[in-house]
Amino acid sequence: MSTRHSSTRGDPRVTRGRQIATNFPIEKTVHGWFVPSQTGSGRHHVTRNLESCTCPDFKKRQETCKHIHAVRFHLEGLEDNPDDVITVPTPKYSQNWPDYNAAQTIEKQAFQTLLHDLCRGIPNPPQERGRPRLPLGDMVFASAFKVYTGLSGRRFTTDLREAGERGYLSRVPHYNSIFNYLEKPELTPIIHALITRSSLPLQRFSE
């Protein structure tokens, strides 16, 4: 058995790291490892050089956390058992089919409601000349909804018209206008901001 952790035997983070490596799957990535939270909800990323982790403990202390220790124990296990690619079984969760089916039947409607809430606060850029532009919030909504459906511009027109009837759009744009906006580089930071905002309710699950 390796004694690599003997110098930090009294550190509770070492003990917790061993528990994580024993009871949870650790996933290798291109840049390091995904390590599950010990609570079983969320996971953190440990860099390949084992020098940093995305968990709150490492961010606060800037010292080795239990997730880094977990990766070390995981790697020692692979060295001791070179034929074992995965030393910890992946947990399996039962599917709640009634809830899953119910969610699938309202997914498109729920997506539009969420997207509309995210887009309605987008301000219009100033315009001093030329034809009045379409509201930027409408165009971001239409562009994101178009990508979500995976339909061609012409086939998407029905969904777009129905979104306007539900009040999600103040003006229903032509599908060619959507293609024009999808090519605008200034749309990228707006989309990134919306992704960040939409993910905030899930932040507590990664702690």
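Modeller: The protein contains 8 helices and 3 strands, where helices (H or I, at least four residues) and strands (E, at least two) are DSSP runs numbered from the N terminus. This is a predicted model, in which local features need pLDDT of at least 70 and side-chain atom pairs count only at pLDDT 80 or more, while totals for chains, interfaces and linings use all residues. Residues are numbered from 1 along each chain as its sequence is written, and side-chain values use heavy atoms, with hydrogens and water left out.

Read from the N terminus, the elements follow the order α-β-β-β-α-α-α-α-α-α-α. Of the 207 residues in the protein, 30% are buried, meaning that they have under 20% relative accessible area, whereas exposed residues have over 50% and partly exposed ones lie in between (1.4 Å probe, protein chains only). Among the contacts with a separation of 6 or more, 51% come from residues 24 or more positions apart, a contact being heavy atoms within 4.5 Å.

Now to the sheet itself. It is an open sheet of 3 strands in the order β1-β2-β3, with antiparallel pairing, and two strands are taken to pair if DSSP finds at least two bridges between them. β1 (27-28) and β3 (43-47) stand at the edges with a single partner strand each, so one side of each has no neighbour in the sheet. β1 pairs with β2 (residues 32-36) in the antiparallel sense over 2 bridges, and a hairpin of 3 residues joins β1 to β2. Along this pairing, E27 stands opposite F34 in β2, and the bridge partner of K28 is W33, also in β2. On the way to β3, 5 bridges join β2 to β3 in an antiparallel run, and here W33 stands opposite V46 in β3. In β2, 4 of the 5 residues are buried, so this strand is largely enclosed by the rest of the structure. One side-chain arrangement involves F34 again, with R43 lying over the face of its ring at 3.9 Å from the ring centre; a charge sits over a ring if NZ of Lys or CZ of Arg is within 6 Å of the ring centre and within 35 degrees of the ring normal.

The whole structure holds 6 salt bridges, a salt bridge being a side-chain nitrogen of Lys or Arg within 4 Å of a carboxyl oxygen of Asp or Glu. One of them links D57 to R13, with the closest N and O atoms 2.8 Å apart. D57 lies in helix α2 (residues 56-61) and R13 in helix α1 (residues 12-23), so this pair ties together parts that are 44 residues apart in sequence. D57 is partly exposed at 24% relative accessibility, and R13 is partly exposed at 21%. D57 also takes part in a salt bridge with R61, where the closest N and O atoms are 3.4 Å apart; these two residues are 4 residues apart in helix α2, which separates them by about one helical turn. R61 in turn forms a salt bridge with E63, with the closest N and O atoms at 3.0 Å.

The structure holds 8 aromatic pairs, counted when rings of Phe, Tyr and Trp (its six-membered ring) have their centres within 6.5 Å, with planes under 30 degrees apart called stacked, over 60 edge-to-face and the rest tilted. For F145 and F156 the ring centres are 5.2 Å apart and the planes stand at 80°, so the pair is edge-to-face. F145 belongs to helix α5 (residues 136-149) and F156 to helix α6 (residues 153-165), so the pair ties together parts that are 11 residues apart in sequence. F145 is buried at a relative accessible area of 0%, and F156 is buried at 1%. Both residues belong to one aromatic cluster, which F111, F141, F145, Y148, F156 and Y168 form.
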